[in-house]
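Open your viewer and get ready to select a few residues. Each stop says what to pick and what is there.

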Amino acid sequence: MKGDLFSSDHVVQPAVAPGMSVENAKCLRYVVNGDMLARQGAMVAYRGNLQFERKGQGVGGMLKRAATGEGLPLMTVRGQGEAWFAHEAQNCFVVEVEPGDLFTVNGRNVLCFDSTLRYDIKTVKGSGIAGGGLFNSVFSGHGRLGLVCQGDPLVIPVSSQQPVFVDTDAVVGWSAHLTTSLHRSQSMGSMLRGGSGEVVQLRLDGEGFVVVRPSEQKPQQEH
């Protein structure tokens, strides 16, 4: 058969390296030789001898997920082969985490990652109860982290002279060594008059960067 569907833009080419790579704007490929981790249900295709197993979180992880709602529902992929991962046709990106790095990311934006990376669910400092309880996954170690985002993300530098304020429903993640706090951008009088819809933001201070998606739409609850 012929047609645009069978052009080089769509037909999968042989893998050139093991591990994670960008297949296209909406999908990541992972050449597995051992094991890796991915969001549950994110696999859209695979070939080779692979096994997919739900990853248990242990008692501590289950308690954190119950308390925070942030939990990262993961599966372990083992064997030899290659798999493709995607989530709701969102845009895909790869982050290289190096030794000494810490990257704080919202669990809803995690697609897959190397088993050499470590993660933990932590409270966003300064968010307090007023923020509805903000919790993110903090990645460290050495390896690749695959992320998804609704639209093309904005990477905004943060400096000690210029803090950045982000909507809590739009933030994807930020680099280590940034301090966080809640910022109220409306006066009480404005709130009593109905407000602008922009009541509280997350303030980031220090030296680093923050990643935000071009939407304030609240994500659907995952089941």
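This tour of a predicted model visits its nonpolar cores, its cysteines and one arginine.

**Stop 1: the cores.** Select Met-36, Phe-85, Leu-111 and Cys-112. Within the largest nonpolar core, which has 16 residues, these four touch the most other members. Now color strands E2 (27-39), E4 (74-85) and E7 (110-114). Each one supplies at least two residues of this core. Strand E2 gives the most, with 5 residues. Next, pick Val-110, Phe-113, Leu-117 and Leu-147. They are among the 15 residues of a second, separate core.

**Stop 2: the cysteines.** How many disulfides does a search of the whole structure find? The search finds 0. Cys-92 is buried, at 5% relative accessible area. Move on to Cys-112.

**Stop 3: Arg-47.** Find strand E3 (residues 43-54) and select Arg-47 in it. Is Arg-47 buried, exposed or partly exposed? At 45% relative accessibility, Arg-47 is partly exposed. Show its contacts beyond four places in sequence: Val-12, Gly-81, Glu-82 and Trp-84. Zoom in on Glu-82. Its side chain and that of Arg-47 are joined by a polar contact of 2.5 Å. Finally, draw a C-alpha to C-alpha distance from Arg-47 to Val-31. The two are 9.8 Å apart in space and 16 residues apart in sequence.

Technical notes: Residues numbered from 1 in each chain as written. Predicted model: local features only at pLDDT ≥ 70, side-chain atom pairs only at ≥ 80, totals over all residues. Heavy atoms only, no water. Core = buried A, V, L, I, M, F, W, Y, C linked by side-chain atoms within 4.5 Å. Buried < 20%, exposed > 50% of the residue type's maximum accessible area, 1.4 Å probe, protein only. Helix = DSSP H or I, 4+ residues; strand = E, 2+ residues; numbered from the N terminus. Disulfide = S-S within 2.5 Å. Contact = heavy atoms within 4.5 Å. Polar contact = N/O pair within 3.5 Å; in protein donor to acceptor, adjacent residues only side chain to side chain.
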